[in-house]
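Try each task before you read its solution.

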Amino acid sequence: MLPLTAVCLGVLAALLAWPVPAALARARWTRQDPLAALVCWQAVGLAGGLSIIGALLVHGLSPWGHSLPEAWWHWVSRRPAEEMVRGDHWVAQTLAAVLALELLGVLLLSLVRTARTRARHRELLELLVGPATDVEARVLDSPVPAAFCIPGARPLLVLSSGMVSELDADQLAAVVAHERAHLRERHHLLLLPFVAWRAALPVLPAADRAHDAVRDLVEMRADDVALRELTSPAPRRTLAEAIVAAAEGGAPHGALAVNGGPLAQRVTRLLDPPAELPAWGRPTALASAVALLLVPTALLLAPALL
Amino acid sequence: MASLGELERAVMDRLWAADGPVAATVLRDELADRGLALTTVHTVLTRLESKGFVRHDDARPRRFAAVATREEHAAELMHEVLGQAADRQAVLARFIGSATAGEAAMLRALLADSD
C-alpha cells in the first residue's frame, strides 16, 4: 500500500498546476533577477510533471509492492500482485502512461517541428543574404524593422534592413548584444518545454501563464546581459530607445491601443531599474527550486510512507 | 573551391537576375570565372530544386527558373518571424514581438517621461 505517498504527490501536483505558477507569475522579485526566476520556472514545470505522473503511478502500482521501485520491479517482472487489483489501479496506470507519453511526445514533436522550421529558415537566409561583411549579423532586405536569431549549431543573427535604417549605431549594438545573449544562454531551450506543454495541456490555464512568464523573463534576462556589454554612455536608455524605435517601425496601423504588455514592462524596467534583490534573494530562490525537485523525487524513491 | 552554399547563392542570384528560364549551360557560362563543370551546375540546381527554390520546364535541354522572387522569399521569412504564422517559436529570439500602433505610442511616452 502506498496511499499516503500518492496523496502527497497528488497535493503537490495540484499546487504546481495552479497556485504556485500563478504566484510565481505575479511575483515582483522575478523582474529583479530573471535568471533565478527562470530556474524556478524550470523546476516548477519538471516537478509538476513528475508529481502528477508519479501520483498516478504510485497509486496504480500500489498492489505490487511497498515502494515505487519495488512495485515497479514486481510489475515489470510480472509477479502477481500482493493485494487485490481494482479497476481504479488500472485506470491510474493507464492515465500515468498516457500523460507521460503525451508530455514527452509533444516535447519531441515540438523539437522536430522547430528544428525543421529552423532548417528551412536557415536555407532561405543563406540564399537571400550572403555572409555578413562585418561578423556581427546578416542583413535581410525588408522594410519592417526586425531582429532575430536562429539558434542551433551554427546560429544566425539577422537584422532587417528596416531595423538598420531605423536605429543608430549604438542602438544597433544594443540589439545585437540582446540577440547574442539569447544565443549564448540557449534561451530557446528554456522556453521549449513551456511551448510544448502549452500545446499539450490546453485545458490548463497555468500552462499559458507559465509560457508567457518565461517568454518575458527570457527577454529581460537578454536585456540584462546586453547591458553589461554595451559601451555607449547610457546603455539602459540606448536599449530602451532601440525597443521603442523597433516597435514604432513595425506597428501595424489602426490597431487597438493597449495599456501595458511585456514591451512596456521591459522599457520601464530599463528606464527605472528595480532595486537589486537582497544578497539572500538569489540563493533562496535557487534553493527553493532544488527543494521543489527533491520533494517529488524523494517521495517517489523513498519507501512508502506508513 | 567555393562551398556549396555559396554556389547555390551565386546560381540563385543569376536566376533572379534573368528574364526567364535559363539553361544549365548558360548558367555555367555566366559563372565562367568560377570554372565550374556542367555537372557541378546540375548538382547545385538539383539541390535548389529539392529545397523548393527552383523549378525546371520540359524543354530540351531543360531550363531552370526561380520559384519566387528574392523579395517574396524575404517577405515570407519576415512573416513567419514576426508572428501570426504557427511556428513562431522556431525563432523565439525576436528582438520585439509585433507591437500595435497604440502600444508603440505608449512606449514613446514612457521614453519621453523619463527624460
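**Exercise 1.** How many residues lie between β2(A) and β3(A) in their hairpin, and which residue in the turn has a positive phi?

*Solution.* The model is predicted: local features need pLDDT of at least 70, side-chain atom pairs count only at pLDDT 80 or more, and totals for chains, interfaces and linings use all residues. Residues are numbered from 1 along each chain as its sequence is written, while chains are lettered from A and ligands numbered from 1 in the order in which they are written.

- Find the strands (DSSP runs of E, at least two residues, numbered from the N terminus). β2 of chain A covers residues 147-150, and β3 covers residues 156-160.
- Look between them: the hairpin has five residues there.
- Check the turn: A:Gly152 has a positive phi of about 145 degrees.

**Exercise 2.** In which sense do β2(A) and β3(A) pair, and over how many bridges?

*Solution.* 

- Strands pair if DSSP finds at least two bridges between them.
- β2(A) and β3(A) have four, in the antiparallel sense.
- Within this pair, A:Ile150 stands opposite A:Leu156.

**Exercise 3.** Which residues of β2(A) lie on each side?

*Solution.* 

- In a regular strand, side chains alternate between the two faces of the sheet.
- A:Ala147 and A:Cys149 are on one side of β2(A), A:Phe148 and A:Ile150 on the other.
- All four are buried (20 or more other C-beta atoms within 10 Å of the residue's own, placed from the backbone; 12 or fewer means exposed, in between partly exposed).

**Exercise 4.** Why does B:Asp58 count as exposed?

*Solution.* 

- Locate B:Asp58 in the loop between β2 (54-56) and β3 (63-66) of chain B.
- B:Asp58 counts as exposed because it has 6 C-beta neighbours inside 10 Å.
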